[in-house]
Amino acid sequence: MPATIRPATVDDVGAFLTMKVEAWRWAYAGILPTAHLAALTIDDQATVWRARLAEPTPADGWAFVAVDADRVVGVVGVERSRDDDATRASGELAMLYVAPDHVGRGLGRALHDRGLAALREASYNLATLWVLEANARGRGFYEHMGWIPDGTRGDHMVECANHPMLRYAIAL
């Protein structure tokens, strides 16, 4: 049975954050410091996500999970762009993670497409995302999906150990 994509609920938070940490440790091995990856927990994020999903508003954005046999195997989150230079018409693909044992099955593409559809439905006409500069696999995926680096660089994400990041954009 293929994975089903549906809106995330408060009950999904622990499962999708646990899967996200697992995906980070797999995807960023050799990119982010081993100690940083080992120290990742869901605790700080869980409180925020439970509050966001308890009474979601358009300002909070949307999260969708992919479920395969009652197991969360992917998550995508989209919201209004958090960047200082963003316009009101700019959305953001804030997270996209797939469980390592489900990579290569088209699930990343399906989650990506669902997230961008949510941004279109909310009348955004541009989306951005941030990706680690050293993440060749992730950059290749986004470029294959039509995203283009917009020339903006940063190292502002503590979650990414403040490693260099590139911003990508795509017209909706």
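**Exercise 1. How many bridges join strand β5 to strand β7, and do the two run parallel or antiparallel?**

Solution. Keep in mind that you are working with a predicted model.
- Step 1: Find β5 at residues 126-132 and β7 at residues 165-171.
- Step 2: Count the bridges that join β5 to β7, and you get seven.
- Step 3: Look at the directions of β5 and β7; the strands run antiparallel.
- Step 4: Pick one example, Ala 127, and you will find its bridge partner in β7 to be Ile 170.

**Exercise 2. Work out the order of the strands in the open sheet, and explain why β1 and β6 each have a side without a neighbour.**

Solution. 
- Step 1: Walk across the seven strands of the sheet, and you read β1-β2-β3-β4-β5-β7-β6. The pairing along the way is mixed.
- Step 2: Now go to the edges, where β1 (4-7) and β6 (148-154) stand. Each has a single partner strand, so one of its sides has no neighbour in the sheet.
- Step 3: Going from one strand to the next, the twist averages 25 degrees.

**Exercise 3. Decide how helices α1 and α3 are oriented to each other, and describe their contact.**

Solution. 
- Step 1: Locate α1 at residues 13-27 and α3 at residues 43-54. Their axes are 10 Å apart, and the packing angle is about 135 degrees.
- Step 2: Angles over 145 degrees would count as roughly antiparallel and 65 to 115 as roughly perpendicular, so α1 and α3 are oblique to each other.
- Step 3: The crossing of α1 and α3 is right-handed.
- Step 4: List some of the residues that meet, including Phe 16 and Leu 17 in α1 and Trp 49 and Leu 53 in α3. The contact residues divide into six nonpolar, two polar and two charged.

**Exercise 4. Classify the ring pair of Phe 16 and Trp 49.**

Solution. 
- Step 1: The ring centres of Phe 16 and Trp 49 are 5.4 Å apart.
- Step 2: Their planes stand at 85 degrees, so the pair is edge-to-face.
- Step 3: Phe 16 belongs to α1 and Trp 49 to α3, so the pair ties together parts 33 residues apart in sequence.

Note on methods:
Residues are numbered from 1 along each chain as its sequence is written. This is a predicted model: local features need pLDDT of at least 70, side-chain atom pairs count only at pLDDT 80 or more; totals for chains, interfaces and linings use all residues. Side-chain values use heavy atoms; hydrogens and water are left out. Two strands pair if DSSP finds at least two bridges between them. Helices (H or I, at least four residues) and strands (E, at least two) are DSSP runs, numbered from the N terminus. Axes are lines fitted to C-alpha atoms, for helices over the stretch in contact, and angles run from 0 to 180 degrees between N-to-C directions. Angles under 35 degrees count as roughly parallel, over 145 as roughly antiparallel, 65 to 115 as roughly perpendicular and the rest as oblique. A crossing is left-handed if the near helix is turned anticlockwise from the far one by less than a right angle, and right-handed if clockwise. Contact means heavy atoms within 4.5 Å. Ala, Val, Leu, Ile, Met, Phe, Trp, Tyr, Cys and Pro count as nonpolar, Asp, Glu, Lys and Arg as charged, and the others, Gly among them, as polar. Rings of Phe, Tyr and Trp (its six-membered ring) pair if their centres lie within 6.5 Å; planes under 30 degrees apart count as stacked, over 60 as edge-to-face and the rest as tilted.
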